[in-house]
Amino acid sequence: MSTSPSVTEIQVENVIFPPTVKPPGSTKTLFLGGAGERGLEIQGKFIKFTTIGVYLEDNAVECLAVKWKGKNAGELTESVEFFRDIVTGAFEKFIRVTMILPLTGLQYSEKVAENCVAIWKSLGIYTDAEAKAIEKFLEVFKVENFPPGSSILFTLSAQGLLTIGFSKDSCVPEAGTAVIENKLLANSVLESIIGKNGVSPVTKQSLASRLSSLFNDCGEKAAADNGKVTFFSCHKMSTSPSITEIQVENVIFPLTVKPPGSTKTLFLGGAGERGLEIQGKFIKFTTIGVYLEDNAVECLAVKWKGKNAAELTESVEFFRDIVTGAFEKFIRVTMILPLTGLQYSEKVAENCVAIWKSLGIYTDAEAKAIEKFLEVFKDENFPPGSSILFTLSAQGSLTIGFSKDSCVPEAGTAVIENKLLANSVLESIIGKNGVSPVAKQSLASRLSSLFND
């Protein structure tokens, strides 16, 4: 990305947000994503209370660009999902809230806590862990007062830690006042600012405008120059000893593949078999290869670098991050034993619907997606050596294809526009109760090695 005028300091009222900052409790330098004010209209006059700056780790540009490059600022501003991807992205964030009008710590913290608890309770996700996090949050702010020009500082780590700090001027301290280990609370602090009902529409517009420009500029190494900031290019993984082809039974999964319906070449993340123990004997039915877009390594490494293969294998959250990551995935399921299309699709559909209904997320859109999924497989038969192919785009479309041999066709047989179904297909393989523990171990081992490269 070349030096861009969209990454400069921003002045909101008399508060200047510099182009970069090293947040409290962090070893990294983050860039200014966007800034704006928070206010309310009172008796026909807009009263500004605070200014807000949102900073992001460099790799946020690449992680987000996969899905959002090509969208203009207006489209991004209107997209709830775009801001949700910023909130949940596997990269560090920093928020500086600087006062225009005076505020007490209790005024600020009680309002944040009240909103968080109400939302979590409505979603059924308010647990003892969240209650304790809220209690600590309120305690941190209890004796604080914020005159004009003072700031509240939040560092959100990729792992979900929330570091809280305070400043009486424009300086950002090296250390925070407190650290709260609760990812839901950390995300909710940022969500309250830039989410669906975020308190600062101007900050959202600023983020959308600047990031839209950066997505289209993805190019050069991060550097600071004359008050402007540039960022590293989209990472291209070098061939690594840990990234080789994998043979499972007599099926070879090559190092790279260009999936049906895609313009990209993906690398082999891992592979293994699916089987069941029947009368004391393990019967293998299919082999499964999972391929990922190159930038998956960088997006995942932010959070998971330093973990060994065993730790990753045991982590439900690690595989969830692969499933939901803003990068393309490809799954090749190759038969060891014969299978009919109905046998395969009905089992997948049954599992998906049961899970979605239990979570209360089974809607008409999902019912139609399942109906189309079953229709695609209705007349298919899969002898040994044939394959079912799934391409999962970063935007959430699911391209389904078939192959009678080891060849991967350029085009798919059908495309289903349903992100929940697309994610669920991969989740069924590598999720908490995934059908291929060997594929999970393979992914964990190979990605652990790549994170450290």
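The expected span of a helix is 1.5 Å times one less than its number of residues. I start from this because I wanted to check one helix in what is a predicted model.

**Entry 1: helix α7**

I looked up helix α7, residues 201-215, which has 15 residues. At 1.5 Å a residue the helix should span 21 Å, and I find its end C-alpha atoms 21 Å apart, so the two values agree. I then looked up which residues of α7 are buried. Among them are Thr203, Lys204, Ser206, Leu207 and Ala208. Arg210, Leu211, Ser212, Leu214 and Phe215 are buried as well.

**Entry 2: salt bridges**

I counted salt bridges next, and the count comes to 16.

Lys419 pairs with Glu81, with 2.8 Å between the closest N and O atoms. This pair links distant parts of the chain: Lys419 is in helix α13 (residues 419-430) and Glu81 in helix α3 (residues 80-88), 338 residues apart. Lys419 has a relative accessible area of 28%, so I list Lys419 as partly exposed. Glu81, at 33% relative accessibility, is also partly exposed.

Glu249 and Lys284 form a salt bridge at 2.7 Å, N to O. They too join distant parts of the chain, 35 residues apart. I place Glu249 in the loop between β14 (246-248) and β15 (251-253), and Lys284 in strand β18 (residues 281-292). Glu249 is partly exposed at 42% relative accessible area, and Lys284 is partly exposed at 27%.

Lys347 is partly exposed, with a relative accessible area of 40%. I also traced shared partners: salt bridges join Lys67, Glu81, Asp85 and Lys419 into one network.

**Entry 3: Glu144**

Which side chain of opposite charge is nearest to Glu144? I find Lys168, 4.5 Å away. I located Glu144 in the loop between α5 (128-141) and β8 (145-146). Leaving aside neighbours within four places in sequence, I list Thr104, Gly105 and Phe166 as its contacts.

**Entry 4: a nonpolar patch**

I looked for nonpolar side chains on the surface and noted a patch formed by Ile119, Leu123 and Ile125. Together they have about 280 Å² of accessible area. Ile125 lies in the loop between α4 (105-123) and α5. At 32% relative accessibility, Ile125 counts as partly exposed.

**Entry 5: positive phi**

Most residues other than glycine have a negative phi. I therefore wrote down two residues that depart from this.

Glu13 has a phi near 55°, a positive value, and is not a glycine. I find Glu13 in the loop between β1 (10-12) and β2 (15-17). Its relative accessibility is 42%, so Glu13 is partly exposed.

Gln279 has a positive phi of about 50° and is not a glycine either. Gln279 sits in the loop between β17 (266-278) and β18. Is Gln279 buried or exposed? I find Gln279 exposed, with a relative accessible area of 84%.

Note on methods
Residues numbered from 1 in each chain as written. Predicted model: local features only at pLDDT ≥ 70, side-chain atom pairs only at ≥ 80, totals over all residues. Heavy atoms only, no water. Salt bridge = Lys/Arg side-chain N within 4 Å of Asp/Glu carboxyl O. Helix = DSSP H or I, 4+ residues; strand = E, 2+ residues; numbered from the N terminus. Buried < 20%, exposed > 50% of the residue type's maximum accessible area, 1.4 Å probe, protein only. Lys, Arg positive; Asp, Glu negative; His and termini not counted. Contact = heavy atoms within 4.5 Å. Patch = residues over 30% accessible without salt bridge, like charges linked within 9 Å, V, L, I, M, F, W, Y side chains within 5 Å. Areas by Shrake-Rupley, 256 points an atom, 1.4 Å probe, with all protein chains shown as cover.
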